[in-house]
Amino acid sequence: MDIIWSVGILQIQSIRPPFDEPGLASAAIAALSRADAMGLLPRPITCLDEFAIQGLEQGMAEAGIGQQLLANLHHQPYPDPVSLSALLKKISDALDHSPAPAHEWRTLQDILGLDLLTRLVGISQSSARRYLSSSRHTPDAVADRLHYLAFVVGDLAGTYNDFGVRRWFDRKRNLLGGHTPAQMLEENWSPDDEGPRRVQELSRALNSSPAA
């Protein structure tokens, strides 16, 4: 069977009603792909159905994200694709604005490796190890960079394997003026800076899915 959507542990091979409605499918995949990029999905998902949404609920609840939205989702009648789609769009927005460093450190270390990850985030490996072990709280500015990288890597994972993702950050790009994506993330950068925004535009251009 052809893969409908494949990023991280999100490997959708089939769809069940009511998620076969295009607008609802797009909203569901968008929310699930964000959760996947953040390392929130508790198990592999191969079918877009109510069990996939339950996995989304579980991961968000464990990270403490969107509790009121989850309460609404839990009581949402699945046969109503319009209201469910609207709610999933709100969940996507909540995920966009909710760094989850406890999950994102582990996910990004597995893909990027500690050396590249710390270079991109702009901190020492010793600090990163403390954040990974939860022996020290991740500062907000670092958490924001980590969250940004989770979504960039999530975009790339739709096109590249882990080696390709790592290599992407150090390859010069004409659309970045001949710079590498890593070079655009200058010291103490913020996701709202021009360089990081251009890098994210480039990564998103690779993601031609309906969730992009």
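## Helices in the pocket lining

In this predicted model, helix H8 (140-157) and helix H11 (194-205) each contribute at least two residues to the lining of the largest pocket. The greatest contribution comes from H8, which provides four residues of that lining.

## Volume and composition of the pocket

The largest pocket has a computed volume of about 350 Å³. Its lining comprises 13 residues, and those closest to the pocket centre are Asp96, His147, Tyr148, Pro191 and Asp192. Sorted by class, the lining of the largest pocket contains five charged residues, together with four polar and four nonpolar ones.

## Aromatic contacts around Tyr148

Three aromatic pairs are found when the whole structure is searched. In one of them, the ring centres of Tyr148 and Trp189 lie 5.0 Å apart with the ring planes at 65 degrees, and because an angle over 60 degrees counts as edge-to-face, the pair is assigned to that class. This pair joins distant parts of the chain, since Tyr148 belongs to helix H8 while Trp189 lies in the loop between helix H10 (181-184) and H11, with 41 residues separating the two.

Both Tyr148 and Trp189 are buried.

## A charge over the Trp189 ring

Trp189 has a further contact, with the charged end of Arg145 placed over its ring at 6.0 Å from the ring centre.

Key
Residues numbered from 1 in each chain as written. Predicted model: local features only at pLDDT ≥ 70, side-chain atom pairs only at ≥ 80, totals over all residues. Heavy atoms only, no water. 1 Å grid on protein atoms, 1.4 Å probe; cavity = no way out; pocket = protein on both sides within 12 Å on 5 of 7 lines; lining within 4 Å. Points joined across faces, edges and corners; volume = space filled by probe spheres on them. Nonpolar A, V, L, I, M, F, W, Y, C, P; charged D, E, K, R; others polar. Phe/Tyr/Trp six-rings, centres within 6.5 Å; stacked < 30°, edge-to-face > 60°. Buried < 20%, exposed > 50% of the residue type's maximum accessible area, 1.4 Å probe, protein only. Lys NZ or Arg CZ within 6 Å of the ring centre and 35° of its normal.
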